[in-house]
Structures are given as structure tokens and as C-alpha cells.
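Reader: I have a model open and want to go through its side-chain contacts. Can you take me through them?
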Amino acid sequence: MAGHKIYTMAFSNVYPHYVTKAERKGRTKEEVDEIVLWLTGYNQSQLEEHLEKDTDFENFFAGAPDMNPSRDMITGVICGVRVEEIEEPLMQEIRYMDKLIDELARGKAMEKILRK
């Protein structure tokens with residue numbers, strides 16, 4: 001999957017879709033941010049800076065200060081593929097985020113989403 005189109009897509013182009021998906025189900029932008037920060041180790045100002053700079057997914061994840069070690073606990077299917085079986089590391093990180101946002105939109109408690 002190296003060189004997949006999503007790798008060069010700006011995170012800021014997808015982020016509003018995460019927020020919209022969550023808000024349609026009664027969740028908040030703040031909860032989306034909490035998930036992104038938990039997964040990547042960014043703080044709020046760093047996240048906003050990446051959104052302003054239109055950082056692509058590849059550099060967004062490559063620059064993540066502290067990918068959460070508990071992300072290995074994320075399991076399940078997203079886009080017809082089990083996230084724990086994805087071999088391409090960058091694609092797996094992207095799908096982890098997709099899966100967490102999906103769990104948020106489905107009404108799962110934040111404690112469970114963040115694997116606490």
C-alpha cells in the first residue's frame with residue numbers, strides 16, 4: 001500500500017468529516033480532538049497548527065510526538081478490513097483513527113474508546 005493516495009491528503013481535509021460524523025450522532029468536536037490527541041500525543045495547539053498548515057497524513061503521523069501505546073488494543077473492522085491485521089504501519093495508524101471516530105459516532109463511552 002506504499003504511496004497510497006490518502007498518505008498525501010491533507011489531514012485538514014478529512015478532519016471536518018470526523019467532526020461532522022461525530023456531531024451528527026450528538027457527540028462533539030472536543031471529543032474528536034480528545035481522540036486525536038490521545039492517539040498521537042499532540043497537544044491542542046499542535047493539532048490546530050497542523051490543521052492550519054494542511055499537513056498531509058504521512059507527515060501528521062510521522063511527526064506525532066507520542067503515539068499512544070494502547071492503540072494496539074484497537075480492534076475491529078473498518079472499511080471491510082480488520083485494523084489489527086493491517087500490515088502497512090501508516091495505513092494502520094490512519095485506520096486506528098477512523099475506528100476510534102467510528103466508535104465515538106456509535107455512542108461508545110470515551111473511557112472505552114480511549115482504552116482506559
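Reader: How many aromatic pairs does the structure hold?
Author: The structure holds 7 aromatic pairs. A pair here is two rings of Phe, Tyr or Trp (its six-membered ring) with centres within 6.5 Å; planes under 30 degrees apart are stacked, over 60 edge-to-face, and the rest tilted. Phe 11 and Tyr 18 are one of them: the ring centres are 6.3 Å apart and the planes at 55°, so this pair is tilted.
Reader: Are Phe 11 and Tyr 18 buried or exposed?
Author: Phe 11 is buried at 0% relative accessibility, and Tyr 18 is buried at 6%. Buried means under 20% relative accessible area, exposed over 50%, and partly exposed in between (1.4 Å probe, protein chains only).
Reader: What about Tyr 42 and Phe 60?
Author: Tyr 42 and Phe 60 form a tilted pair, 4.9 Å centre to centre with 35° between the planes. The pair links distant parts of the chain, 18 residues apart: Tyr 42 is in the loop between helix H2 (29-40) and H3, and Phe 60 is in helix H4. Helices are DSSP runs of H or I with at least four residues, strands are runs of E with at least two, and both are numbered from the N terminus. Tyr 42 and Phe 60 are both buried.
Reader: Which residues form the aromatic cluster?
Author: Phe 11, Tyr 15, Tyr 18, Tyr 42, Phe 57, Phe 60 and Phe 61 form one cluster.
Reader: Before I go on, what is this model based on?
Author: It is a predicted model, where local features need pLDDT of at least 70 and side-chain atom pairs count only at pLDDT 80 or more, while totals for chains, interfaces and linings use all residues. Residues are numbered from 1 along each chain as its sequence is written, and side-chain values use heavy atoms, with hydrogens and water left out.
Reader: Switching to charges: how many salt bridges?
Author: The structure holds 10 salt bridges, each a side-chain nitrogen of Lys or Arg within 4 Å of a carboxyl oxygen of Asp or Glu. Among them, Asp 102 and Arg 106 meet at 3.1 Å, N to O. Asp 102 is buried at 9% relative accessibility, whereas Arg 106 is exposed at 68%. Shared partners join Lys 21, Asp 102 and Arg 106 into one network.
Reader: Last one. What is the phi of Asp 54?
Author: Asp 54 has a positive phi of about 55°, although it is not a glycine. Most residues other than glycine have a negative phi. Asp 54 lies in the loop between helix H3 (44-53) and helix H4 (57-62).
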